[in-house]
Amino acid sequence: MRIDLHTHSDRSDGSDPPAQLVANAAAAGLDVLALTDHDTTAGWTEATAAAQDTGLGLLPGLEISTTHDGAGVHLLAYLPDPDHEPLRHELQRILDGRASRLPSTLERLREVGIEITADDVRRAAGPAAATGRPHVADALIDLGVVANRDEAFERFLSPGRPAYVDRYAAELVAMLDIVSDAGGATVIAHPWGRTARETLTSDVLTELAHHGLDGIEADHQDHDDATRAELHELADQLGLIATGSSDYHGEGKMDCSLGCNTTAPEQLERLLDAAAKARTATGRGIEPVLP
Ligand code: AMP
Ligand code: ZN
Ligand code: FE
Ligand code: FE
């Protein structure tokens, strides 16, 4: 069983339409995939239909923009009820924050001499429901200003660069509650990756585990081998599920292809059990497509 629990489609900042993502996952030899677009469930219907046709297992999920102690934390949510009102409300607020940030980003780019319009970004974003800096990066590529997304982030879009603008994110602990009330399971994405290591100390992860967090993503491109080993050990100590994933973005980010990191079958079983428990407790949540 090959299981990849964190991927993006073109409904956020990946490049594959959801059905194409499912086809590519099957072609890559995966048995189970989770679609986890940033802050939107817009790809779920198409991906679910494609998985049912293909015989691939699918967990509809999300990667939610949250914040803890002032630092950004990406929270993976699996199988929550997308119609649960508090969840819908928070996701809408995050999407609104993404949209309202764009004019300031473009203004700052103009201040450093780059002529770029909202239409340029809209064109680059295509069918995305969640627009973000990667789409601004794509527009800059189309305009011939940069060669790739990495260069756009390094020169303009990362924190501390001239066109970085902050946006709304949900409070992490509140979001843990919202997702479990929606019948879903929660896993912190790349906890010791680029940004959150100082915030998500072992002590903080211990508290979050007590607060109902289900798992942490140990095997991710942004973690070196030593970090992965530490996170697996911490997960064992805390009784957390340890997952692995590609964080695939298609053409959008080429550092890791589908299945480059995977989740062990027994860890997937635990995740499905956690979601089933939340579903029973709340009467909400959705069923996965099983392979
Ligand atoms: P935003 O959603 O607007 O906050 O943009 C952050 C997203 O951009 C992250 O979730 C990544 O998917 C992507 N990203 C961050 N850094 C880079 C980079 N150097 N190259 C390509 N994509 C990136
Ligand atoms: Zn992304
Ligand atoms: Fe992330
Ligand atoms: Fe991601």
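Where does Thr 263 lie? I found Thr 263 in the loop between strand S8 (241–244) and helix H10 (265–282). Helices (H or I, at least four residues) and strands (E, at least two) are DSSP runs, numbered from the N terminus.

Notes on the model. This is a predicted model, in which local features need pLDDT of at least 70, side-chain atom pairs count only at pLDDT 80 or more, and totals for chains, interfaces and linings use all residues. Residues are numbered from 1 along each chain as its sequence is written, chains are lettered from A and ligands numbered from 1 in the order in which they are written, and side-chain values use heavy atoms, with hydrogens and water left out.

Entry on Thr 263. I looked up its accessibility: Thr 263 has a relative accessible area of 3% and is therefore buried (under 20% relative accessible area; exposed is over 50%, partly exposed in between, with a 1.4 Å probe and protein chains only). The side chain of Thr 263 reaches the backbone oxygen of Gly 244 at 2.7 Å. Gly 244 is also one of the residues that Thr 263 touches, and I noted Ile 3, Leu 5 and Leu 268 among the others. Contact here means heavy atoms within 4.5 Å, and residues up to four places away in sequence are not counted.

Entry on Leu 75. I placed Leu 75 in strand S4 (residues 71–78). Leu 75 counts as buried because its relative accessibility is 0%. Its contacts include Leu 62, Glu 63, Ile 64, Met 175, Ile 188 and Leu 213. I also checked Ala 152: from Leu 75 it is 77 residues away in sequence and 25 Å away in space, C-alpha to C-alpha.

Entry on the iron ion. Which residues are the protein donors of the iron ion (ligand 3)? I listed Glu 63 (OE), His 74 (ND1) and His 190 (NE2), at 2.0 to 2.2 Å. Donors are N, O and S atoms within 2.8 Å of the metal (3.2 Å for Na, K and Ca); water is not among the atoms, so sites may look incomplete. Glu 63 belongs to strand S3 (residues 57–68) and His 190 to the loop between strand S6 (185–188) and helix H8 (202–210), so the pair ties together parts 127 residues apart in sequence. Both Glu 63 and His 190 are buried. The zinc ion (ligand 2) is 5.7 Å from the iron ion (ligand 3).

Entry on helix H5. I counted seven buried residues among the 10 of helix H5 (residues 133–142). These buried residues pack against helix H3 (85–111), helix H4 (118–125) and helix H6 (149–157). Just after H5, Gly 144 has a positive phi of about 80°.

Definitions and conventions
Polar contact = N/O pair within 3.5 Å; in protein donor to acceptor, adjacent residues only side chain to side chain.
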